[in-house]
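Subject: Structure handover

Hello,

Here is the structure we talked about. Please open it first, then read the notes below.

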Amino acid sequence: MENKNILVIGGNSGIGEKIVKRLSDKGANIYASNRNGFSSLPSGMHIQEVDVTADEFTLNLPDELHGLVYCPGSINLKPFDRIKLETYVEDMNINFYGAVKVLQQALPVMRKTGDASVVGFSTVAVNTGLPFHASVASAKGALEGLFRSLAAEYAPKVRFNIIAPSLTDTPMAKGLLGSDRKKEASAERHPLKAVGEADQMAAMAQLLLSDEGSWISGQTMHIDGGMSNLKP
Ligand SMILES: NC(=O)c1ccc[n+]([C@@H]2O[C@H](COP(=O)([O-])OP(=O)(O)OC[C@H]3O[C@@H](n4cnc5c(N)ncnc54)[C@H](OP(=O)(O)O)[C@@H]3O)[C@@H](O)[C@H]2O)c1
């Protein structure tokens, strides 16, 4: 990671914050963008306030870009008959169209740079049908399709991979994990009897961005405590 330029969209919270910490510890130059400020992030980062749901924004990009991580997302859980159309639009805006807008700006630089890697975040609920996930699973499914298509189109210059977490202890999940009782019940639902930690997702992102991940593209990595594939 030494001296690699990595753009992290959503680097001030949860999984993105852990990614920023890991990559800067390894000597990467971090370009971090999100809506609100950064409280306790490593010094020397290039910071830009950006809302990816805005109609237009211009990212400050370096001349060479070796990695991009797209973290913005949502957890809107409701029965299908209570999901308004505008919720689907909101979920598509943050999870999918925001990523498209970022990629439209970043990919020309990444293709020119070569040996570049893009990491995005889906959810366990795309591979495994879970009640109340219709809106977010649809938006993340669109993102998975986009990434797999681009992985083919941009090979071998740019690799694209997705991490699909199950419930992970971050600010986004506080409504679902906000008490010990909720956390224990959620842990119990997973074959590995734990909820995810942000740094477990960051470790996978680090691998996918690094030279060690240079033969991985077009994949969805299911980091989910066994939720998507096991029935013990
Ligand atoms: N946590 C889970 O249980 C879980 C489960 C499955 C999938 N995921 C996925 O994992 C990814 C990371 O989630 P997390 O739990 O780490 O979430 P988080 O703690 O809420 O972090 C989200 C990050 O995205 C940024 N962001 C949000 N809206 C933005 C916007 N409109 N423009 C620019 N930046 C924006 C936030 O910064 P600002 O607020 O400052 O903009 C923040 O840095 C998401 O895509 C999520 O869907 C999470």
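Keep in mind that the model is predicted. Lysine 193 has a positive phi of about 55°, although it is not a glycine. It counts as exposed because it has 12 C-beta neighbours inside 10 Å, and a residue with 12 or fewer is classed that way.

Other backbone points

Aspartate 115 also has a positive phi, about 50°, and is not a glycine either. Its loop runs between helix 2 and strand 5. Aspartate 115 is partly exposed, with 14 other C-beta atoms within 10 Å. Why list such residues? Because most residues other than glycine have a negative phi, and most peptide bonds are trans. The bond from alanine 155 to proline 156 is cis, with omega near 5°. Proline 156 belongs to the loop between helix 4 (134-154) and strand 6 (158-163).

Overall fold

The protein chain has seven helices and nine strands. Its C-alpha trace spans about 45 × 35 × 35 Å along the principal axes. The radius of gyration is 17 Å, which agrees with the value near 17 Å for a compact globule of 232 residues. Of the 232 residues, 41% count as buried. Take the contacts with a separation of 6 or more: residues 24 or more positions apart account for 71% of them.

Ligand shell

How many residues surround the ligand? The count is 30, and the closest are Gly10, Gly14, Arg35, Gly73 and Thr170. By type, the shell holds 14 nonpolar, 14 polar and two charged residues. Helix 1 (residues 14-25) contributes the most, with three residues.

Helix 1

Helix 1 has twelve residues and reaches 17 Å from first C-alpha to last, close to the 16 Å expected. Nine of the twelve are buried, so helix 1 is largely enclosed by the rest of the structure. Among the buried ones are Gly14, Ile15, Gly16, Glu17 and Lys18. Ile19, Val20, Leu23 and Ser24 are buried too. The cover over these residues includes strand 1 (5-9), strand 2 (29-34), strand 4 (67-70) and strand 5 (116-121). It also includes strand 7 (168-169) and helix 7 (198-209). Glycine 27 follows helix 1 and has a positive phi, near 90°.

Nonpolar cores

The largest nonpolar core has 51 residues. Val8, Val69 and Ala205 have the most contacts inside this core. Helix 2 (residues 85-113) gives the most to it, with seven residues. A second, separate core has five residues, including Leu167, Met172, Ala173 and Val195.

What does valine 8 touch, leaving out residues up to four places away in sequence? The list is Gly16, Ile19, Val20, Ile30, Ala32, Val69 and Cys71. Of these, Gly16, Ile19 and Val20 are among the buried residues of helix 1.

Valine 126

Valine 126 lies in helix 3 (residues 124-127). Is this residue buried or exposed? Valine 126 is buried, because 24 other C-beta atoms lie within 10 Å and the cut-off is 20 or more. Not counting residues up to four places away in sequence, valine 126 touches Ala137, Lys140, Gly141, Glu144 and Ala164. Valine 126 and serine 228 are 102 residues apart in sequence, yet 9.3 Å apart in space, C-alpha to C-alpha.

Best regards

Conventions. Residues are numbered from 1 along each chain as its sequence is written. This is a predicted model: local features need pLDDT of at least 70, side-chain atom pairs count only at pLDDT 80 or more; totals for chains, interfaces and linings use all residues. A residue is near a molecule or strand if its C-beta atom, placed from the backbone, lies within 6 Å of it. Helices (H or I, at least four residues) and strands (E, at least two) are DSSP runs, numbered from the N terminus. Ala, Val, Leu, Ile, Met, Phe, Trp, Tyr, Cys and Pro count as nonpolar, Asp, Glu, Lys and Arg as charged, and the others, Gly among them, as polar. A nonpolar core is a set of buried Ala, Val, Leu, Ile, Met, Phe, Trp, Tyr and Cys residues joined through C-beta atoms within 7 Å. Two residues are in contact if their C-beta atoms, placed from the backbone, lie within 7 Å. The radius of gyration is taken over C-alpha atoms; the globule rule is 2.2 Å times the number of residues to the power 0.38. The expected span of a helix is 1.5 Å times one less than its number of residues.
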